[in-house]
Amino acid sequence: MASGVDRISALPEDVLLHVLHFLPAQEVVRTCVLARRWRSVWRSVRALRFTGTKGWDSVDRFVQFVDHLLHLRCPGGGDGPLDSCDFDFDSDGFMQLPANERHASHWMWQVVFRARVLRLGVIEFDQEPSPLSDLHLVSQHLTRLELVGVRVNDSVVDFSGCPALVELRMDVCDVFVNQLVSPSLKHLHMARCCSFDYARILISLPSLVSLELIECQGRIPLLGSLPSLARAVVILNGICSDRCSNDRFDCCGNCEWLS
């Protein structure tokens, strides 16, 4: 740039798109004012990253931006799949208001038709997991779903309408559901999640290859038909409901079961 030559704009478009892939969505859109070459590059970026309200004048401005961008990028199913879409609300308090919870559910519903990888992270210290509305995900493209700090119900984890889904990761989630449904899921990871103390989640996934249940609270899930399972990791701790009064997970002959 010392010579006045714009070397960045001279890069091949696939290189520019790869660089923009790592930027938050608002920064990607702002590149349209750099030069004529950049006016429409942002429309071709195959990843969307929304990093919350930090840096915005108001929550309303952020909501309007996301609404407008998704309307432009995901109109009626869009013109092709996105590589990924990431909603990262880890530390800005956005999901503490019910109206914003509804916004997040609507955004996920809009983008799920196109995204191969979809992530929603909303956990904050001393905050209960945020509920998603009765969201039924339907997508021919979705292969990986990551939920962090989310409260889900049976409709959210009914993946019968996602035939390409192969990986589900849930961390610090409230998973108050009766069963997980998916004909295609191969990898399931649940860590530090909370479920019922009085009932078990039925996991009966015909394509499941690997299962990880890490330090979850509540009853241990009931493992149904898992004909393809090749690897399982189960780590229990003191908040698991399947322990006796002596903090053991087997019958020691001198105890009472807590649940």
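In what order do the strands of the open sheet of 8 strands stand? I started my notebook with that one. The order is S1-S2-S3-S5-S7-S10-S12-S14, and the pairing is parallel.

**Ground rules.** I am working with a predicted model, where local features need pLDDT of at least 70 and side-chain atom pairs count only at pLDDT 80 or more, while totals for chains, interfaces and linings use all residues. Residues are numbered from 1 along each chain as its sequence is written, and side-chain values use heavy atoms, with hydrogens and water left out.

I looked up the edges next. Strand S1 (47-50) and strand S14 (231-235) stand there with a single partner strand each, so one side of each has no neighbour in the sheet. From one strand to the next, the twist averages 5°. For my own reference, strands (E, at least two residues) and helices (H or I, at least four) are DSSP runs numbered from the N terminus, and two strands pair if DSSP finds at least two bridges between them.

Strand S7 (residues 167-171) runs parallel to strand S10 (residues 187-191), and 5 bridges join them. Met 170 stands opposite Met 190 in S10.

**Helices across the sheet.** Helix H3 (residues 59-73) lies across S1 and strand S2 (82-88), at about 170° to S1. Helix H4 (residues 98-111) lies across S2, strand S3 (115-121) and strand S5 (144-148), at about 175° to S2. The angles run from 0 to 180 degrees between N-to-C directions, with axes fitted to C-alpha atoms, for helices over the stretch in contact; contact means heavy atoms within 4.5 Å.

**An aromatic pair.** My search of the whole structure gave 12 aromatic pairs. I picked Phe 50 and Phe 87: their ring centres are 5.2 Å apart and their planes at 15°, so the pair is stacked. Phe 50 is in strand S1 and Phe 87 in strand S2, so the pair ties together parts 37 residues apart in sequence. The rule is that rings of Phe, Tyr and Trp (its six-membered ring) pair if their centres lie within 6.5 Å, with planes under 30 degrees apart stacked, over 60 edge-to-face and the rest tilted.

I looked for cavities (sets of points on a 1 Å grid over the protein atoms alone where a 1.4 Å probe fits but cannot get out) and pockets (open sets with protein on both sides within 12 Å along at least five of seven lines); lining residues have an atom within 4 Å of a point. Grid points are joined across faces, edges and corners, and a volume is the space filled by probe spheres set on the points.

The largest pocket has a volume of about 160 Å³. It has 11 lining residues, and the closest to its centre are Val 172, Arg 192, Cys 193, Cys 194 and Gln 217.

How many cavities of 30 Å³ or more are there? I found 2. The largest cavity has a volume of about 120 Å³. Of its 18 lining residues, Cys 216, Gln 217, Arg 219, Ile 220 and Pro 221 are closest to the centre. Strand S12 (210-214) and S14 each supply at least two residues of that lining.

The second largest cavity holds about 40 Å³ of space. Helix H2 (25-30), S1 and H3 each give two or more residues to its lining, and H2 gives the most, with 3 residues.
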